[in-house]
Amino acid sequence: MGTTDQLQGTLDLLILKTLAQLGTIHGYGIVRHIQRVSDDLLRVEEGSLYPALHRIEQVGWITSEWRTSETKRRAKYYSLTSGGRKQLAKEQANWERVVRGVSTLIKFA
Amino acid sequence: MSLYNRFVSLLRSCQLEQDVEDELHSHLEMHIAENVEAGMSEEDARREATARFGNKVALKENTRAVYIVAWIESVLQDLRFGLRTLRKSPSFSLVAVATVTLSIGISTAVFTIVNSVLLRHLPYPEANRLISATTLDPRTHLPVTPGPDFVAWRDQNTTLAAIAAYNSDDFNFSGVGEPARIPAADVTAGFFSTVGIQPQLGRIFSAAEEEPNGDHVAILTDQFWRERFGKDPNVLDRKMTLEGHLFTIIGVLPSGFRFPDNAIKPSILVPLQYPLSDDQRIIILSVIGRLKEGVTEQQALADLDRISQATLRRYPAKFMGFLAGRSVQITNLHTLLVGDLRKPLLIIMSAVGFVLLIGCLNITSLQLARAVERTPEMEMRSALGAKRGRLTRQLLTENTLLYSLGAALGVCLAFVTVQAVRSAGAKIFPTATTISIDQWALAFAAVVTLLCALLFGLVPALWLNKTRIIRNPGEGRLTTSRGQRRLRKILLVAEVSLALVLLAAAGLMIRSFDRLVRVNAGFNPSHVLTARVTLAETEFPKVEEQITFFDTLLQRVQALPGVDSAALTSTVPLRGEQLMNVGVRIEGEPGATEPKFAPMASLLSISPDYFRALQTPVIAGRGFTDADNKNSIPVAVVNQAFVRKFLHGADPVTRRLLPSARENSTPVSIVGVVADVRDGGLDQDSSVQLYRPYDQASTPAAFGMAILLRSRIDSETLAAAVRREVEALHGGQPVFDVSTMDQLLRESLAQRRLSMMLMACFAGMALLLAAVGIYGVMSYSVAQRSHEIGIRIAVGCSPGRVLRFVLSEATWIIVLGVCSGLAGSLWLTRFIASLLYKTQPFDPLSMISAAVLLAAIGLVAGIVPAYRASRVDPIVALRAE
């Protein structure tokens, strides 16, 4: 994935959606989830994921804490905040609008 | 992550890096674990995972960059928002910025002065190693270092890297422009290495030039070079005439050179050409030295003391009286040159600190009052997702912005003030011309601004976080909680107390100054002109010739139109001139045995009309007349201090005294007693004075005589007339030190007057700020309680009662403030006791007047909002906001 604004926004959307679905998970889990659910179509690189995670955390849509996983490993777990939930709804609506617009345009071409 | 965590992680970037490192590491481990589960070998699993991971370093960098960018962005956002908020409430912003400007401006100006005068190093290299050394005369404790002691110190010391001696001197200068009398210093050749300066042109004195028969050479100061020689680059080897001798100029000192003695401001330096080791005609010197690396003052003191003790034996027996039992004293040069001013300057600095504090308290209480109004805004922002920490930070930013704006303006104000002080203060302290705003003053301003902004900004910010707002049900109208009101009151009480302390201090200083000015000086300084004339030895080698000159001069200036009385004197009062001291024995008094240990009196040689010219009353007997000359019996007049000291109040007239240490000196008859003349300044007791007619003087008037003229003619015209007369009598003798006694009196009071006015100024500022504070907070209070007030009026409360009700709040604050202020003054004013003249620090009149003044102003400040409250229209007030 690249780093343009739209794509960055899209990555944010994926992260937020993942957290909404999974509740609390660590960074690696997010990567795996996106890969699995998109049938391997979308692969998030760690180089993009972690800056994005930290940026979203700055803004306040997610929070983090260090926990021990079931496999007795320490990892940083992320979860959505209420602000994040609102943002997710906004982003989702936005995305759907974009998709509709693009599809309509393509059909007309 | 909360604000705290973010700040912490920013500051401790290694912590952040560790955090990120840990997270990435755990990610990698999990990936590897999954690979292994999927069947890869440990090695392959690790390799694949790591390859997929990409560039770890870049990853960390990117992650870290996110933090910084986000942080900068949010700070910028806070600044923009802060500016907007300040613009929206212009009256608050104006008052607050003005308060900060005043406080920071004045503090910076005062700090600059204190720093320049007190703390800045002397303009010599390694100035902390410079010392002044002297031996103290055992009877008078005056610093007198005899020539042979200096020579012994110079040759035998082990603790000093360099040592030098100097004397002050004046010369009749001619040959370049108008003749004048210029101050000079005679220095030994070691002077330059001791002080550590190099001339900007030419060279320093050589050892040969220090010999008694050495060449006549001189070194100019930069200022003299500029004024008299127009900065001529070819000034070296030019000649000038001093005291009738031709001198060659061999060097020019660097600009900004300051002679290491407050009493001497030389225009030129000449070599001290005197046989220093001569122990028959001993020369008295001032000595400075430079300590060797690592040597302490104690060690130098022991060293020089040892040498002095050994040297004592070399003196002839006749001087033993003066020299036996003397001690050596070493003073750090810095302390000597600026020590005098330390206390007053520190007191002024503290006073300014008070004003600054009051200003900050003002702004804080205003902000607290304002914070209540901003609560809906805060709540809305909080609901939109802003964290509490973020809000706090935004408030702090806004506060810092306010203080920074004020501080920037304040520095400009400080600049202007410092310029003014520089020009006005040149007379009072010697380094006034070097005062300027430098990096230290700016650093001070910056630090103080930041501290105040953060400290005083925290109060409203923290309050917003903690206190709950009480809402009037169903209205959305906010009233302040009791906690907040109490906090504001406490702040105001503190302000009022501080203002009272300053007012009390100012009151004390005003009273002290008033007392001082009323002191009976023993003479009438109005309409008296003084001027000094010194005759060159080359032109008037004999004492009789000098006396004849002055006789004739006196007659001629007496005859000038408009002159009421004219007189001559060897010493002019209030000029700080060196008095000639002699040992005196009274005939018939016990203890008149050892002439060497005779107690001292100051000797003045005067003409008969001296007391008339100064209007000093003659208390007993008579003054001098023309009949008292060198052909009549020797007479003297003494002052009251003399009578107290030598005769213990007995009638001195017709007693006789022996005015010198010589065994067989002619006894002198005392013919009169005059009132004490406060010659050293109004705040100092008069010295013990012995007057003799100048033409009965046995020693030549080495420093010439001063003319005193009482006349109603303006001083300029009169001075010109005197100059003409002197010129007519014998050309080329400069007339100098011309001033009126009034001027001298004013100058002697200048430092005290300045301190008093500064303190009064600060007290005035404090009063103003306190009044503004009371007014501001009361206005807010009334505005916020207008609902409550409306109800009161609606149920029948009269406007008068409303006024009293609102005013009572202000009254309480004032009363509490004044009481605690009085308590504070009782404790603090003792520190200014050293600045006061015959005034106790617990002077009740000053305290009470300060309290009354403050209370009155405070009430006036409170009345306006109270009046507004009484005028509140209940219908308007009760309407929902």
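This is a predicted model: local features need pLDDT of at least 70, side-chain atom pairs count only at pLDDT 80 or more; totals for chains, interfaces and linings use all residues.
Chain B has 881 residues, of which 51% count as buried, and it contains 24 helices and 25 strands. Over all chains, the count of salt bridges comes to 26.

**Chain B overall**

- Among the contacts in chain B that join residues at least 6 apart in sequence, 80% are between residues at least 24 apart.

**Helix pair α6 and α9 in chain B**

- Two packed helices are described by the angle between their axes and by the distance between those axes.
- In chain B, helix α6 spans residues 147-156 and helix α9 spans residues 297-312. Their axes are 9 Å apart, and the packing angle is about 130°.
- The crossing of α6(B) with α9(B) is right-handed.
- From α6(B), the residues in contact are Pro148(B), Asp149(B), Ala152(B), Trp153(B) and Gln156(B). They meet Leu304(B), Arg306(B), Ile307(B), Ser308(B) and Thr311(B) of α9(B).
- Sorted by class, this contact between α6(B) and α9(B) has five nonpolar, three polar and two charged residues.

**Helix pair α2 and α3 in chain A**

- Helix α2 (residues 27-37) of chain A packs with helix α3 (residues 46-59) of chain A at an angle of about 120°. The axes of these helices are 11 Å apart.
- The pair α2(A) and α3(A) is therefore oblique, and its crossing is right-handed.
- On the α2(A) side, Gly27(A), Tyr28(A), Ile30(A) and Val31(A) take part in the contact. On the α3(A) side, the residues are Leu49(A), Tyr50(A) and Leu53(A).
- The contact of α2(A) with α3(A) has six nonpolar residues, one polar residue and no charged residues.

**Salt bridges**

- Side chains of opposite charge can pair when their charged atoms come close.
- In chain A, Arg67(A) forms a salt bridge with Glu65(A), and the closest N and O atoms are 3.2 Å apart. Arg67(A) counts as partly exposed at 35% relative accessibility, and Glu65(A) counts as partly exposed at 45%.
- In chain B, Lys231(B) pairs with Asp222(B) in a salt bridge whose closest N and O atoms are 3.9 Å apart. Lys231(B) is partly exposed at 39% relative accessibility, whereas Asp222(B) is buried with a relative accessible area of 7%.
- Asp232(B) forms a salt bridge with Arg238(B), with 2.8 Å between the closest N and O atoms. Asp232(B) has a relative accessible area of 18% and is buried, while Arg238(B) has 31% and is partly exposed.
- A network of salt bridges links Lys76(A) with Asp19(B) and Glu23(B).

**Ile713 in chain B**

- Ile713(B) lies in the loop between β24 (705-711) and α19 (715-729) of chain B.
- The relative accessibility of Ile713(B) is 31%, so this residue counts as partly exposed.
- Leaving aside residues up to four places away in sequence, Ile713(B) touches Pro561(B), Gly562(B) and Leu718(B).
- Ile713(B) and Asp564(B) are 149 residues apart in sequence, and their C-alpha atoms are 10.0 Å apart in space.

Conventions
Residues are numbered from 1 along each chain as its sequence is written. Chains are lettered from A and ligands numbered from 1 in the order in which they are written. Side-chain values use heavy atoms; hydrogens and water are left out. Axes are lines fitted to C-alpha atoms, for helices over the stretch in contact, and angles run from 0 to 180 degrees between N-to-C directions. Helices (H or I, at least four residues) and strands (E, at least two) are DSSP runs, numbered from the N terminus. A crossing is left-handed if the near helix is turned anticlockwise from the far one by less than a right angle, and right-handed if clockwise. Contact means heavy atoms within 4.5 Å. Ala, Val, Leu, Ile, Met, Phe, Trp, Tyr, Cys and Pro count as nonpolar, Asp, Glu, Lys and Arg as charged, and the others, Gly among them, as polar. A salt bridge is a side-chain nitrogen of Lys or Arg within 4 Å of a carboxyl oxygen of Asp or Glu. Buried means under 20% relative accessible area, exposed over 50%, partly exposed in between (1.4 Å probe, protein chains only). Angles under 35 degrees count as roughly parallel, over 145 as roughly antiparallel, 65 to 115 as roughly perpendicular and the rest as oblique.
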